[in-house]
Amino acid sequence: MKELIEISFSPVNAFFTIMSIVMVIYWILVIIAGLDPDHFSIDFDSADIDADFDADPTSSEGATEGSSFMKVLEYFNFDELPLMFIVTIMFFSMWLIGVNITYYLGIESTLLGFLLIIPNLLLSLFFVKLLAKPLGYLYRQVNHKGEPEIDFLGRRCSVVSTVGPQKTGMIELTVNGDPMKLYARSNTEEDIAAGQQAVIVRESDDRRYYLVEKFDY
């Protein structure tokens, strides 16, 4: 135990150890104080919408870079879980890998230890990619907030920003007197412009947005 503590708080592993402890404290607060892990989530669909509306040619390069970065995060399944879940997995993984490398390879050089942080990070990212999908599925099934699930299918809504078959937009509707905004795409090949009425016909397979059709009346 003493040796584990010494390795954990060595210059190379101290940061990961401290952050892992911080993550444990955070999840204790989530359990006790009822903090919402979704508060720190990355809104991937919102980023897609922002990119769609970016019509300024002088900022197109920045939008491309931002979109590429989001694609990298999506590749490692960062969109499957709230950010704090991902961060927790990352730090615990980097701590576990760092401690084992330091112990089994007998690394005493601080410089070499810091150089190994890069491959450690890459391994941890693939560890996140491996775990995020099954954990994300369980997370959605549990319905952690304990709120009754609302059935949006068949409800009329107003299109706030244009939706298309491959274009994510925003729709708005009122449920039990409460206005709600949801992400949506067109269920047909036809775009539905902002201000038009639509009806929600189904939810996407990954449950990230709803599919709507134009409501003719």
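Visitor: How many helices and strands are in the protein chain?
Guide: Welcome! This is a predicted model, where local features need pLDDT of at least 70, side-chain atom pairs count only at pLDDT 80 or more, and totals for chains, interfaces and linings use all residues. Residues are numbered from 1 along each chain as its sequence is written, and side-chain values use heavy atoms, leaving out hydrogens and water. Helices (H or I, at least four residues) and strands (E, at least two) are DSSP runs, numbered from the N terminus; the protein chain has seven helices and five strands.

Visitor: At what angle do α2 and α5 pack?
Guide: Two packed helices are described by the angle between their axes and the distance between the axes. Axes are lines fitted to C-alpha atoms, for helices over the stretch in contact, and angles run from 0 to 180 degrees between N-to-C directions. Helix α2 covers residues 14-33 and helix α5 residues 83-105. Their axes are 9 Å apart, and the angle is about 145°.

Visitor: In what order do the strands of the closed barrel run?
Guide: Strands of a sheet pair through backbone hydrogen bonds, either parallel or antiparallel. Two strands count as paired if DSSP finds at least two bridges between them. This barrel has five strands with mixed pairing, and the order is β1-β2-β3-β5-β4.

Visitor: Which residue in β5 is the bridge partner of A184?
Guide: Look at strand β3 (residues 178-186) and strand β5 (residues 210-214), which pair in the parallel sense over three bridges. In β5, the partner of A184 is Y210.
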